[in-house]
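Work through the exercises below with the model open beside you. Try each task before reading its solution.

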Amino acid sequence: MFARIKTAYNRNGSERRYLQICESRREEGKVRQKVLCNLGRVEDLQDGKLDDLIRSLAKFSQNLAVVSAAEDLFADWSKEYGPTMVFRRLWEKLGLHEIINQLVDETEMSIDVQEAVFCMVLNRLIEPTSKLGVNDWKEDVYRPQFDSLKLHHFYRAIDFLDENKDAIEQKLFYRHTDLFSGQLDLVFFDTTSTYVEGSAGAFDLLDYGHSKDHRPDRLQVMIGLLMSRDGMPIAHHLFPGNTPDTEAFMEAIRDLKQRFNVQRVIVVGDRGMMGKRTLDLLEELKLQYILGVRMRSIKLAPEIIADPSPYVTVEEKDNLKVKEVTLNNNRYIVCLNEEEAKRDVIVRKRIEEKLRKKLEHGSLKDLVGNSEYKRYLNVVEEAATINEEKLKQAELFDGLYILQTNTELPTAEVATAYKDLWQIERAFRNLKSTLDLRPVFHWTEKRIAGHIMLCFLALVVEIKFQKLLMECGSEYGYTEVIRALRKVHIVNLKVKNSEHLVRTEVHGAAAVAFKAVGARVPDRVQTINR
């Protein structure tokens with residue numbers, strides 16, 4: 001349909017113009033126009049009647065109704081809102097805002113350090129970037145307190161975190177004894193490394209060493225992490241990049257005893273922590289321990305494994321069986337995973353087959369350079385033979401690992417406590433992936449240490465949030481919740497002479513996040529008073 005003007009002529013030659021509504025139709029192969037409605041003479045409709053008619057008809061058109069309403073409505077901007085609300089609530093629930101503000105009050109700093117740290121932690125949790133990137137990223141996140149933050153505030157806040165690392169960790173620990181299971185009975189410790197990108201210069205903290213990132217060409221720093229039984233981070237320690245695991249472990253344990261004033265604690269450490277000096281230190285500090293034993297380096301291992309004591313099933317689903325052996329006044333727990341044993345047999349058989357084939361062709365150089373092959377070889381000058389004794393000895397260790405402990409815990413509890421060490425490994429994975437710890441782009445040790453402390457705080461917040469999601473029975477995973485939260489925006493709408501903030505809908509996983517942290521979903525419309 002369309003509108004047209006039909007012109008007619010009076011006898012005196014003057015014009016009469018009529019407004020008509022017409023439609024085109026095809027009849028007998030020809031296009032013909034049919035008048036559907038005569039609206040009247042044009043001059044009679046030009047005194048406002050035509051405008052009224054158009055407005056009245058627009059009510060029956062969906063698109064025109066929207067266009068009409070939009071004439072008085074303008075969306076100025078839209079910013080992420082969900083993550084800010086949820087994680088700010090959790091930040092305050094943990095007391096981090098008060099802890100940092102108390103420490104800032106003891107200085108002469110005039111910038112809002114606490115807000116700058118929260119902004120960077122939020123960035124770590126959602127979309128990790130550099131400090132320069134944070135300065136741009138915050139423009140797309142709704143929190144008015146971020147508006148006053150400048151780039152140099154972030155760098156000063158990083159320096160503050162380095163200067164106050166120990167105090168923040170202690171205050172956080174003592175503030176939340178319930179968060180850390182009331183008493184510190186089990187402590188897990190493990191180490192990792194992270195490398196520095198670019199030319200960072202020569203510092204005491206940075207050195208070349210065994211890289212757990214598989215980047216031996218980069219200067220690195222070692223990080224030791226202490227966690228409670230329920231997987232909450234307690235503290236972290238930085239060591240030069242070439243520090244052995246045992247040295248890092250010993251220093252962290254001394255610090256644990258002194259700084260947190262613990263009376264009874266059971267330290268759980270991986271096989272890399274085991275050694276005579278480690279055991280001597282733990283005995284000196286009167287600490288109990290559960291440590292993994294390097295089976296192939298302990299002479300008593302075959303005797304421990306051969307003990308006739310029967311295995312007892314601990315966990316059916318994980319195929320975990322244990323037996324206790326006392327030898328030379330030391331208490332050992334032998335752990336057996338029968339499924340893992342089957343896999344070990346298959347792997348060893350494959351190595352043996354490859355060895356025999358390669359020895360037939362005389363490719364000695366390739367064999368000696370491969371650590372998997374080398375341990376099963378006898379090499380004399382240019383000749384190599386398979387060490388049948390070592391192959392036979394390897395069978396003893398299939399699916400097994402040994403723990404040494406001075407605790408009085410039941411055998412099964414010792415085994416499950418050590419198995420829980422996976423929580424700290426998961427924490428390191430979070431640091432390096434979700435929180436984007438590596439690589440580090442800062443060029444001074446102070447900034448490197450401050451950056452790692454920032455990641456530590458983000459790890460505390462993330463792990464606590466994951467626990468709260470589990471406690472409220474969430475069917476959604478952490479990543480799914482974050483994705484849903486990021487879809488919750490706040491939109492700045494201007495309606496005629498008034499301005500409003502309008503929240504987008506909160507559904508599913510996003511709603512669960514608000515529930516988990518005990519935060520009320522904010523009102524959908526908020527008026528801005530100028």
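Predicted model: local features only at pLDDT ≥ 70, side-chain atom pairs only at ≥ 80, totals over all residues.

**Exercise 1. Give the strand order of the nine-stranded open sheet, and find its edge strands.**

Step 1. Trace the strands across the sheet. The order is β7-β6-β5-β8-β9-β15-β12-β11-β10, with mixed pairing.

Step 2. Look for strands that pair on one side only. These edge strands are β7 (233–240) and β10 (312–315).

Step 3. Neighbouring strands are turned by 30 degrees against each other on average, direction ignored.

Step 4. Zoom in on one pair. β9 and β15 run antiparallel and share four bridges. Across this pairing, G292 faces L403 of β15.

**Exercise 2. Determine which residues of helix α11 are buried, and what covers them.**

Step 1. Locate the helix. α11 spans residues 276–284.

Step 2. Apply the cut-off: buried means under 20% relative accessible area. T278, L279, L281 and L282 are buried.

Step 3. Look down the axis. The buried residues of α11 fall within an arc of 160 degrees, so they line one face of the helix.

Step 4. Turn to the face away from the buried side. There, K276, R277 and E284 are exposed.

Step 5. Identify the cover. It includes α10 (245–259), β8 (266–269), β9 (288–293) and β15 (400–405).

Step 6. Place the helix on the sheet. α11 lies across β8, β9 and β15, at about 170 degrees to β9.

Step 7. K286 has a positive phi of about 60 degrees.

**Exercise 3. Classify T405 as buried or exposed, then list its polar contacts.**

Step 1. Find the residue. T405 sits in strand β15.

Step 2. Read its accessibility. The value for T405 is 3%, so this residue counts as buried.

Step 3. Follow the side chain. The T405 side chain reaches the backbone oxygen of Y289 at 2.7 Å. A second polar contact, of 2.9 Å, links the side chains of T405 and T407.

Step 4. T405 touches Y289, I290, R331, I333 and V414.

Methods
Residues numbered from 1 in each chain as written. Heavy atoms only, no water. Buried < 20%, exposed > 50% of the residue type's maximum accessible area, 1.4 Å probe, protein only. Helix = DSSP H or I, 4+ residues; strand = E, 2+ residues; numbered from the N terminus. Arc of directions from axis to C-beta. Contact = heavy atoms within 4.5 Å. Polar contact = N/O pair within 3.5 Å; in protein donor to acceptor, adjacent residues only side chain to side chain. Pairing = 2+ DSSP bridges. Axes fitted to C-alpha atoms, helices over the stretch in contact; angles between N-to-C directions. Lists of a residue's contacts leave out its neighbours within four places in sequence.
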